[in-house]
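Hi everyone, and thanks for coming. Let me put the sequence and the structure up on the screen, and then we can walk through them together.

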Amino acid sequence: MTVSDRVRLLDEIRILEFIAVELNLYLDNNPNDHKAIRDYNSFTKQLMAVKDEYQRRYGPLSNFGTAWSQSPWAWLNDPWPWELD
Amino acid sequence: MWIYEKKLQFPIRIKNPNPKMATLIISQYGGPDGELAASLRYLSQRYIMPISEGKALLTDIGTEELAHFEMVGTMVYQLMKGASDEEIKASGAGPYFTDHGRGVYPTSAAGNPFTAAYIQSKGDPIADLNEDLAAEQKARSTYEWLLRMADDPDVIEPLKFLRQREVVHYQRFGELLMKVQDYVESKKYF
Ligand SMILES: [Fe+2]
């Protein structure tokens, strides 16, 4: 199965976001770990940049005013997450 | 407020349908130790957490469980999707098919529909966190039983990811329980 550029970018987002989730849960219990906060902020910055690129190319990942839409309304773009991608 | 993100937390690309496996995995969608129960439990318990660490952790793990709920629903959907009526009949997935076709419904593998009776919200943060620790262990075992019955790597990989998340959540809840216990103790002397 060939992996498209879209999926490659999405996988990159998933990896960065996974790191952010892990650090986030850790920081919830360790709010004074300044090194972990620095890491969290740095991964968040990378994640935002990759998400930006994805959304410019393939349409919004999130709605309700959290990302711009192309015209026509790109929130409808296939595939949805449960569809083979 | 919640914002939906149009992607799975972990990729799921199941190429070969397996209706029987779908009707087992469904238990982590709407069963007693499933992801819906987990999410509902934590998001309901968070209101009475006495310290910010607890309010944050229950909100965040409750949110991550919703992402797992979506992953499990996706596995069920993909496992049922390409299966012919004949394959469904032969696989033994007929009872599920009779009630839900190829749809995704919150039920246990044994056919019990989802109920809030699977969870508790006791108004006592120590009691609630002890329940949460047990819940994470029970979810971990369910993933292990499912892994014993799976043979397709497309199914095994996401199940392993979900199993691992339960281990991490258990760890985080354990740390939080100690903090909440300290807090409750410190209150007693003032
Ligand atoms: Fe969990």
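Now the ground rules. This is a predicted model, in which local features need pLDDT of at least 70 and side-chain atom pairs count only at pLDDT 80 or more, while totals for chains, interfaces and linings use all residues. Residues are numbered from 1 along each chain as its sequence is written, chains are lettered from A and ligands numbered from 1 in the order in which they are written, and side-chain values use heavy atoms, with hydrogens and water left out.

Two more terms before we look. Helices are DSSP runs (H or I, at least four residues), as are strands (E, at least two), and both are numbered from the N terminus. Buried means under 20% relative accessible area, exposed means over 50%, and partly exposed is in between, with a 1.4 Å probe and protein chains only.

Please find helix H3 of chain B, residues 35–45. How many of its 11 residues are buried? Nine of them are, so to speak, under cover. Among them are Glu35(B), Arg41(B), Tyr42(B) and Gln45(B). And what do the buried residues of H3(B) pack against? They pack against helix H2 (27–30), H4, H7 and H8 of chain B.

Next, the cores. A nonpolar core is a set of buried Ala, Val, Leu, Ile, Met, Phe, Trp, Tyr and Cys residues joined through side-chain atoms within 4.5 Å. As a general point, nonpolar side chains tend to be buried together in soluble globular proteins. The largest core here has 28 residues, and the members that touch the most others are Met21(B), Ile25(B), Met75(B), Leu79(B), Val155(B) and Leu159(B). In chain B, helices H1 (19–25), H4 (52–81), H7 (125–149) and H8 (153–188) each supply at least two residues of this core. H4(B) gives the most, with seven residues. Zoom in on Met21(B): leaving aside neighbours within four places in sequence, Met21(B) is in contact with Leu79(B), Leu146(B), Met149(B), Ala150(B) and Val155(B). Apart from this core lies another, of 15 residues, including Leu25(A), Leu58(B), Leu133(B) and Val180(B).

That brings us to where the chains meet. The contact takes 34 residues from chain A and 32 residues from chain B. Between them the two chains bury about 2,700 Å², 58% of it on carbon and sulfur atoms; buried area is the accessible area (1.4 Å probe) that two parts lose on being put together, summed over both.

How many salt bridges are there between chain A and chain B? The count is four, where a salt bridge is a side-chain nitrogen of Lys or Arg within 4 Å of a carboxyl oxygen of Asp or Glu. One pair is Glu17(A) with Lys7(B), whose closest N and O atoms are 2.5 Å apart. On the side of chain A that touches chain B, helix H1 of chain A (residues 5–29) gives the most, with 14 residues.

Over all chains, a search of the whole structure finds 21 salt bridges. In one of them, the side chains of Arg165(B) and Glu22(A) meet at 2.9 Å, N to O. Arg165(B) lies in helix H8 of chain B and Glu22(A) in helix H1 of chain A, so this pair joins two chains. Arg165(B) is buried, at 1% relative accessibility, whereas Glu22(A) is partly exposed at 23%.

Now a pair inside chain B. Arg140(B) and Glu144(B) form a salt bridge with the closest N and O atoms 3.0 Å apart. Both lie in helix H7 of chain B, four residues apart, about one turn of the helix.

Last stop: the segment after helix H2 (34–58) of chain A, where Pro72(A) lies. A cis peptide bond joins Ser71(A) and Pro72(A), with omega about -5°. The bond from Asp78(A) to Pro79(A) is also cis, with omega near -5°. Phe64(A) is found in the segment after H2 of chain A too. Phi of Phe64(A) is near 55°, a positive value in a residue other than glycine, and Phe64(A) counts as exposed at 62% relative accessibility.

Technical notes. Contact = heavy atoms within 4.5 Å.
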